[in-house]
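Biologist: I have the sequence and the fold open on my screen. Could you walk me through some side-chain contacts and strand pairings?

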Amino acid sequence: MMAAILLRKTSRNSRRKEAFANAKAMIIKMDRIIRTITSDGSLMASAIDSTTIVATAQQLHGLSKTACAALGRLLTGASLMGAMLKSDKASLTLKVNGGGPLGNLVAISDDRGNVRGYVDDPEVELPLRANGKIDVGGAVGVDGRLAVMRDFGERDPYIGQTELVSGEIAEDITRYYAQSEQVPTVCALGVLVNKETGKSMLAGGLLIQVLPGADDSAIAKLEENVGRLESVTTMLAKGISLEDMCRMALDGFSMEILDEFQVHYACPCSKERFAKALLTLGTEEILSLPPNEEGMVEAICQYCGRKYYFTRNELEELAETARGEAGKN
């Protein structure tokens, strides 16, 4: 997965090792997802508290207020969507590029809602909008697409794309479900950032979907309920539980809890995975990778900042393996 590899030295990456160490302590308090359904099977609602996930991402990547709000929303949405996958070892990837100064934003979730992600330029900062809100849409841009890839580990992954509506992420996910999957959906995502310190304080989301068989009265009641809901971060700040958020969204219906589980920011990178990715470069490129002062090639994971080092002997072994594989083709 070469998109997750950087083979260069930068001042930003030199800070990530310390950030990763600091973020590890935050994983002790894991976030949580709850999934619910109405007893008549007409509506489904999922809620997440992703506060620690977003705070971890901010520490790992050195996110500005604007970048934190944007990537935090994408991570939260990916976690909610990934938790809906019905296959072990499946994964879901969200990628957004709206032509804004943030560049690419990527979030990957496993089938249990554990996520990782990155943004091209984590230091981008835009002035607050006139209403005092962070200008996520301006930073993401609207001249582009939201791509959703579901990989079940069999055959080719399923990829769907829709044009961006606002760059605010939640509205773009809502449109994706409506256009690509024909599933009426309400998506609400929020990241509360301290305007003075720039630190992420709260994050969460709601994903509500109309299921086949729902009648007009159920849809009308849902629309009425959604219109009364406060923002997700406001509800979290008030201490409203995820269960009660779902009950408020599904007010007037009998609600059942399908499942609930903890989620966190998690990256499965390893030196072995990087070695396999390096093999895709080919013999000449592997041997031409620039070494650092210690004579080793440094590989840095874009998702978590971990660093892996390859000696000259290891690179020569990889180059020989790549040569052998090329000869088979």
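Modeller: Let's start with a term: buried means under 20% relative accessible area, exposed means over 50%, and partly exposed is in between (1.4 Å probe, protein chains only). This is a predicted model, where local features need pLDDT of at least 70 and side-chain atom pairs count only at pLDDT 80 or more, while totals for chains, interfaces and linings use all residues. Residues are numbered from 1 along each chain as its sequence is written, and side-chain values use heavy atoms, with hydrogens and water left out.

Biologist: How many aromatic pairs does the structure hold?

Modeller: Rings of Phe, Tyr and Trp (its six-membered ring) pair if their centres lie within 6.5 Å; planes under 30 degrees apart are stacked, over 60 edge-to-face, and the rest tilted. By that rule, the number of aromatic pairs is 3.

Biologist: What is the relative accessible area of Tyr177?

Modeller: Tyr177 pairs with Tyr176, with ring centres 5.5 Å apart and planes at 65°, so that pair is edge-to-face. Tyr176 is buried at 0%. Tyr177 is buried too, with a relative accessible area of 2%.

Biologist: Which ring face does Arg112 lie over?

Modeller: A charge sits over a ring if NZ of Lys or CZ of Arg is within 6 Å of the ring centre and within 35 degrees of the ring normal. Lys271 lies over the face of Phe310, at 5.0 Å from the ring centre. For Arg112, at 4.0 Å from the ring centre, the ring is that of Phe261.

Biologist: In strand 10, which residue is the bridge partner of Leu43?

Modeller: Strand 3 (residues 43–49) has 6 of its 7 residues buried. Two strands pair if DSSP finds at least two bridges between them, and 7 bridges join strand 3 to strand 10 (residues 200–210), running antiparallel. In strand 10, Leu43 has as its bridge partner Val210.

Definitions and conventions. Helix = DSSP H or I, 4+ residues; strand = E, 2+ residues; numbered from the N terminus.
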